[in-house]
Amino acid sequence: MEIVDTHCHIISTDTERYPRKPLGGKQAPVGGKQSAWTHGRPLTAEELLERMDDAGIGRATLVQATTAYGYDNRYVLDTVRRRPDRFVAVGTFDAVREDAAEALRAAVDDGLSGVRLFTTDGSPTSEQGLWFADDAADPFWSEAAAVRLPVCLQLRLGPETIPALGRLLVRHPDALVLLDHCGYPDVRSSPADAAAQLTPFAARPNLHLKLTHRTLEGLRDLGDRAKEFVSPVFDAFSSERIAWGSNCPAAEQSLPELVALATGVLDGLPQQDVDNVFGNTARRLYPGLTRS
C-alpha cells in the first residue's frame, strides 16, 4: 500500500522569489498560539521528499503555508510542476472576493487540485465572524462544486461554527468539503462528546474528515478509551470519508513518528479501513495523486 499524506507544508529558502506574506500581515495564531514552525522548523520541497522517502510515504498533498505566504500559492504550484509524480497542490483562497468564481477557475487552470479556507487568521471577516458560510461565499462554493474541487476547511468546531457548517453543507450539498484536523475535537476531555460533535455531519455525504496528529495525539494518550471516539466516527462516516495527514513540519514529531502515531491509534481496524485512511480516500478526492 502506498501511503498518501494529505497535509504537508513547505517553505522556500528563496525569499526573493517567494517572499513571506502571511494573512493579516503577521504570523497568524492557530489554537491561541503563534504558528512558529514557519521560522523554527521549515522544510523545503526537497527536504520534504527526503523525509517522505524515509517514512515510506509515496505521495503528498502540499497545503499552502498560509501563515507564511497567505494567498500567494506560487511555491506549492511550482513544486508540483517540478514533481507531479509525488505532489498535488492545495492553495489558500479568498472565498468572499467579488470575483471568486472566476478566480477559482483560473486557479484550477493554474494547477491547483484543491483549495483551503483558513478561518482563524483574522481575515477575511464578516459581521458574524463566519465568513466561510456567508452568502458572499456562495459563488465560490457553487463553482467549487461544479468543478468537483475539494475544499479543505480549517475550522475549529464550537457553538457558533457547528451550526454555520451545517448550514453550509445543506446549502451546497455537492461541494466536497474536507474538515482539517477533524475540526480540532477535544478528545482528551471526553472522546464520546468529541465524537458527538462530528457524527451528526455524517448525514451530509459531501463532508470528509482529515485525521491528523492534533486529534491522534489525544487518542493515543487515551489508550483503550480512544475507541469511544474512533468507533462512532468511523461507523458514521466510514473510512471512505476519512484521510490521514501528517501536518509536517507544523507537527513537532518526525514523519516516521507521525506515521507510527496514526498506525498505533488505528490498530485493530480492518485492513481495508486502514488502507482507505492512508491512501484510498485521498486518491478519490485528489485524482492527481494517481499520476505516473
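A salt bridge is defined here as a side-chain nitrogen of Lys or Arg within 4 Å of a carboxyl oxygen of Asp or Glu. The model is predicted: local features need pLDDT of at least 70 and side-chain atom pairs count only at pLDDT 80 or more, while totals for chains, interfaces and linings use all residues. Residues are numbered from 1 along each chain as its sequence is written, and side-chain values use heavy atoms, with hydrogens and water left out.

The structure holds 16 salt bridges. One of them joins the side chains of arginine 188 and aspartate 221 (2.9 Å, N to O). Arginine 188 lies in the loop between β8 and α8 (191-198), and aspartate 221 lies in helix α9 (residues 213-222), so this pair ties together parts that are 33 residues apart in sequence. Helices (H or I, at least four residues) and strands (E, at least two) are DSSP runs, numbered from the N terminus. Arginine 188 is partly exposed, at 45% relative accessibility. Aspartate 221 is also partly exposed, at 46%. Here buried means under 20% relative accessible area, exposed over 50%, and partly exposed in between (1.4 Å probe, protein chains only).

Arginine 86 forms a salt bridge with aspartate 53, with the closest N and O atoms 2.9 Å apart. Arginine 86 sits in the loop between α4 (74-82) and β5 (87-92), and aspartate 53 in helix α2, so the pair links parts that are 33 residues apart in sequence. Arginine 86 is buried, with a relative accessible area of 13%. Arginine 74 and aspartate 72 meet in another salt bridge (2.8 Å, N to O). Arginine 74 is partly exposed, at 38%. A network of salt bridges links Arg17, Asp78, Arg81 and Asp110.

Glu46, Glu47, Glu50 and Asp54 form a negative surface patch. Such patches take residues with over 30% relative accessible area and no salt bridge; like charges are joined within 9 Å, and nonpolar side chains (Val, Leu, Ile, Met, Phe, Trp, Tyr) within 5 Å. Glutamate 50 belongs to helix α2 (residues 45-55). Glutamate 50 is exposed, with a relative accessible area of 53%.

Helix α6 (residues 138-146) has Asp138, Phe140, Trp141, Glu143, Ala144 and Ala145 as its buried residues. Their cover includes α5 (100-109), β6 (114-118), β7 (151-154), α7 (161-171) and β8 (177-179). Arginine 148 follows α6 and has a positive phi, near 55°.

Methods. Accessible areas come from the Shrake-Rupley method with a 1.4 Å probe; for residues, only the protein chains shown count as cover. Lys and Arg count as positive and Asp and Glu as negative; His and the chain ends are not counted. The place of a charge is taken as NZ of Lys, CZ of Arg, CG of Asp or CD of Glu. Contact means heavy atoms within 4.5 Å.
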